[in-house]
Amino acid sequence: MKIALIDGSPKINNSASSILLEELKYFFAQGKVELIEMGLHTLVVSEEIVKQLKRADIWIFALPLYVDGIPSHLLSCFIQIENRINDICKKYTKNVYSIVNCGFYEGEQTEPALHILENWCCKAQLNWCGGVGVGGGGSLSMLPKMPNGQGPKAPIDKMLKHFVEKIIKQEIQKNQYVSVGMPRFMYQLCAQIGWRQLIRKNGGKIKDLGRKF
């Protein structure tokens with residue numbers, strides 16, 4: 001079985017999407033599958049990406065939530081893939097899964113984006129098989145390295161392990177939602193600290209955070 005891990009974040013490095021795909025790779029290592037890694041970071045779907053999509057039996061998209069939807073560059077990519085779907089899916093229809101992460105604490109905020117992916121699959125004649133919405137994605141790149149299943153990422157790891165089991169069996173699952181394993185107030189506090197560090201790094205002042213324009 002060949003599985004495509006598709007990073008749909010506009011960020012090339014150290015995105016929450018790439019971190020979640022690394023977690024998937026850990027769980028897929030337990031099964032006999034071939035993973036094909038690729039990135040859709042720009043408006044253009046290259047010929048190399050098309051070849052890789054053809055090879056895979058299953059597509060897994062990982063992407064961030066942008067204004068309750070998907071990133072605009074990814075919409076362009078979906079249109080290009082859809083226009084070439086008969087070329088890409090010559091033998092049979094691909095199964096599609098997705099992980100959508102968001103900066104909101106609640107994973108349920110990703111529901112509209114998952115529905116967009118489901119609708120696109122219907123239009124492109126692909127098999128939508130369900131997804132996972134992850135809340136607190138903004139913290140993933142800031143968390144210290146810890147063994148899988150421990151620390152604030154523990155609830156996410158548990159969800160992704162179950163998700164991988166479904167994918168390997170090629171089963172359809174209802175969209176599931178999870179949040180980072182820390183209280184909501186603590187997540188907000190960490191975000192406020194992050195904003196302060198960032199504005200100092202860029203030569204600004206903390207009081208500028210409350211400035212009205």
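Q: How many cavities of 30 Å³ or more does the structure hold?
A: The model is a predicted one, and its empty space can be examined in general terms, since rolling a probe the size of a water molecule over the atoms shows where such space is left. Counting cavities of 30 Å³ or more, the structure holds one.

Q: What is the volume of the largest cavity, and which residues line it?
A: The lining of the largest cavity divides into four nonpolar residues, one polar residue and one charged residue. The volume of the largest cavity is about 40 Å³, and the residues lining it are Leu143, Pro144, Met146, Gln150, Pro152 and Lys153.

Q: Is Ala154 buried, partly exposed or exposed?
A: Ala154 is found in helix H6, which spans residues 154–168, and its C-alpha atom is separated by 10.0 Å from that of Met182, 28 residues apart along the chain. A residue counts as buried under 20% relative accessible area and as exposed over 50%. Because its relative accessibility is 22%, Ala154 counts as partly exposed.

Q: How many of the residues of strand E4 are buried?
A: In a regular strand the side chains alternate between the two faces of the sheet, so each face can be considered in turn. In E4, Asn95, Tyr97, Ile99 and Asn101 are buried on one side, while Val96, Ser98, Val100 and Cys102 are buried on the other. For the strand as a whole, residues 95–102, the number buried is eight of eight.

Q: Which residue of E4 is the bridge partner of Ile60?
A: Strand E3, residues 58–64, runs parallel to E4, and seven bridges join the two. Within this pairing, the bridge partner of Ile60 in E4 is Tyr97.

Q: Which residue of E5 stands opposite Ile99?
A: E4 is also joined by seven bridges to strand E5, residues 127–135, and these two strands run parallel. In E5, the residue standing opposite Ile99 is Val132.

Definitions and conventions
Residues are numbered from 1 along each chain as its sequence is written. This is a predicted model: local features need pLDDT of at least 70, side-chain atom pairs count only at pLDDT 80 or more; totals for chains, interfaces and linings use all residues. Side-chain values use heavy atoms; hydrogens and water are left out. Helices (H or I, at least four residues) and strands (E, at least two) are DSSP runs, numbered from the N terminus. Buried means under 20% relative accessible area, exposed over 50%, partly exposed in between (1.4 Å probe, protein chains only). Two strands pair if DSSP finds at least two bridges between them. On a 1 Å grid over the protein atoms alone, a cavity is a set of points where a 1.4 Å probe fits but cannot get out, and a pocket is an open set with protein on both sides within 12 Å along at least five of seven lines; lining residues have an atom within 4 Å of a point. Grid points are joined across faces, edges and corners, and a volume is the space filled by probe spheres set on the points. Ala, Val, Leu, Ile, Met, Phe, Trp, Tyr, Cys and Pro count as nonpolar, Asp, Glu, Lys and Arg as charged, and the others, Gly among them, as polar.
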